[in-house]
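Work through the exercises below with the sequence and the coordinates open. Each task is followed by a worked solution.

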Amino acid sequence: MNADPTTPARFALTSRLLHWGMAVMVIAQLFLGVAMVASLDAYHLLRTVHMPLGFAVLVLVVIRIGNRLRHTPPPFPVTMRPLERRVATASEYLLYALLLIQPLTGWAMLSAGGYPIAPYGWLHLPGIAPHDPVLYALLRQSHTALAYLLFAAFTAHMCAVVFHTLALRDRTLDRMALWRRRSESDNRIRVE
Ligand code: HEM
């Protein structure tokens with residue numbers, strides 16, 4: 001229960017842990033992917049990190065979808081109009097979809113290229129697409145295009161949170177914070 005009206009209700013602890021853990025992993029994946037294709041020297045080394053991290057994102061996003069179905073998010077802040085609420089909900093669904101599809105295209109791409117899929121060395125996974133060079137090229141382009149889309153959706157999401165938190169000062173960021181910030185009423189008590 002949220003007794004203090006100045007303190008926004010928060011997402012469930014599991015949602016907050018998954019949110020920040022996956023945010024770090026996905027940003028790392030975007031940078032690793034770009035560095036990988038830009039550097040011939042470090043390509044193989046970076047790929048040995050990119051693949052296992054990508055599979056970890058895939059497992060976590062499945063857990064996260066289950067977690068989202070179990071825990072209803074807190075209500076939107078009153079500063080959000082109905083249209084903005086609909087856009088925010090749609091962008092969250094888009095992010096979930098991209099987090100699921102992006103690692104799957106990576107897996108399918110390597111399958112179509114005929115590469116072994118052993119992200120952790122000991123774990124040999126089956127291919128999920130037929131060995132086909134044309135399909136490989138198509139999936140390779142899709143992996144890049146989806147990464148751009150993921151980056152754009154993530155940037156828009158971050159800008160909206162920063163705008164609400166800093167310009168509208170409605171404490172949107174606190175909804176997802178790992179620990180509680182001092183509430184406005186605590187501050188008032190200290191000043192009085
Ligand atoms: C959230 C998960 C993932 C993200 C955000 C991501 C992102 C990226 C990005 C940004 C690139 C560079 C694209 C370019 O500049 O053209 C890339 C390349 C690549 N990714 Fe991923 N990726 C993910 C998961 C995976 C997975 C699970 C696999 C394999 C099972 C994979 C395999 C690859 C490979 C092999 C390349 C390099 C392709 C080449 O050699 O040209 N990725 N990834």
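In this chain, 68% of the contacts with a separation of 6 or more join residues 24 or more positions apart; two residues are in contact if their C-beta atoms, placed from the backbone, lie within 7 Å. The model is predicted: local features need pLDDT of at least 70, side-chain atom pairs count only at pLDDT 80 or more, and totals for chains, interfaces and linings use all residues. Residues are numbered from 1 along each chain as its sequence is written.

**Exercise 1. Overall description**

Task: State how many helices and strands the chain has, and give its extent and its buried share.

Solution:
- Step 1. Helices (H or I, at least four residues) and strands (E, at least two) are DSSP runs, numbered from the N terminus. The chain has five helices and zero strands, in the order α-α-α-α-α from the N terminus.
- Step 2. The C-alpha trace spans about 70 × 35 × 35 Å along its principal axes.
- Step 3. A residue is buried if 20 or more other C-beta atoms lie within 10 Å of its own, exposed if 12 or fewer, and partly exposed in between, with C-beta atoms placed from the backbone. Of the 192 residues, 15% count as buried.

**Exercise 2. Packing of H1 on H2**

Task: Find the angle and axis distance for H1 and H2, and classify the pair.

Solution:
- Step 1. Two packed helices are described by the angle between their axes and the distance between the axes. Axes are lines fitted to C-alpha atoms, for helices over the stretch in contact, and angles run from 0 to 180 degrees between N-to-C directions.
- Step 2. The axes of H1 and H2 cross at roughly 150 degrees and come within 9 Å.
- Step 3. Angles under 35 degrees count as roughly parallel, over 145 as roughly antiparallel, 65 to 115 as roughly perpendicular and the rest as oblique. H1 and H2 are therefore roughly antiparallel.
- Step 4. H1 passes H2 in a left-handed crossing. A crossing is left-handed if the near helix is turned anticlockwise from the far one by less than a right angle, and right-handed if clockwise.
- Step 5. The contact of H1 with H2 has 16 nonpolar, seven polar and two charged residues. Here Ala, Val, Leu, Ile, Met, Phe, Trp, Tyr, Cys and Pro count as nonpolar, Asp, Glu, Lys and Arg as charged, and the others, Gly among them, as polar.

**Exercise 3. H2 on H3, and H3 on H4**

Task: Describe the contact of H2 with H3, then that of H3 with H4.

Solution:
- Step 1. The axes of H2 and H3 cross at roughly 145 degrees and come within 9 Å, in a left-handed crossing.
- Step 2. On the H2 side the contact is made by Gly54, Phe55, Val57, Leu58, Val61 and Ile65, and on the H3 side by Tyr96, Leu99, Leu100, Pro103, Leu104 and Gly106. By class these are ten nonpolar, two polar and no charged residues.
- Step 3. H3 (residues 82-112) and H4 (residues 133-167) pack at about 155 degrees with axes 9 Å apart. H3 and H4 are therefore roughly antiparallel.
- Step 4. H3 also passes H4 in a left-handed crossing. The residues of this contact are 18 nonpolar, seven polar and one charged.

**Exercise 4. Surroundings of the ligand**

Task: Which residues come nearest to the ligand, and which helices supply the shell?

Solution:
- Step 1. A residue is near a molecule if its C-beta atom, placed from the backbone, lies within 6 Å of it. Of the 23 residues around the ligand, Gly33, Gly54, Gly106, Thr144 and Ala147 come nearest.
- Step 2. H1 (13-38), H2 (43-70), H3 and H4 each supply at least two residues of the shell. H1 gives the largest share, seven residues.
- Step 3. The shell divides into 13 nonpolar, eight polar and two charged residues.

**Exercise 5. The loop between H4 and H5**

Task: Where do Arg169 and Arg171 lie, and what is the phi of each?

Solution:
- Step 1. Most residues other than glycine have a negative phi.
- Step 2. Arg169 lies in the loop between H4 and H5 (184-191), and its phi is positive, near 50 degrees. Arg169 is exposed, because 9 other C-beta atoms lie within 10 Å.
- Step 3. Arg171 is in the loop between H4 and H5, with a positive phi near 60 degrees. Arg171 is partly exposed, because 18 other C-beta atoms lie within 10 Å.
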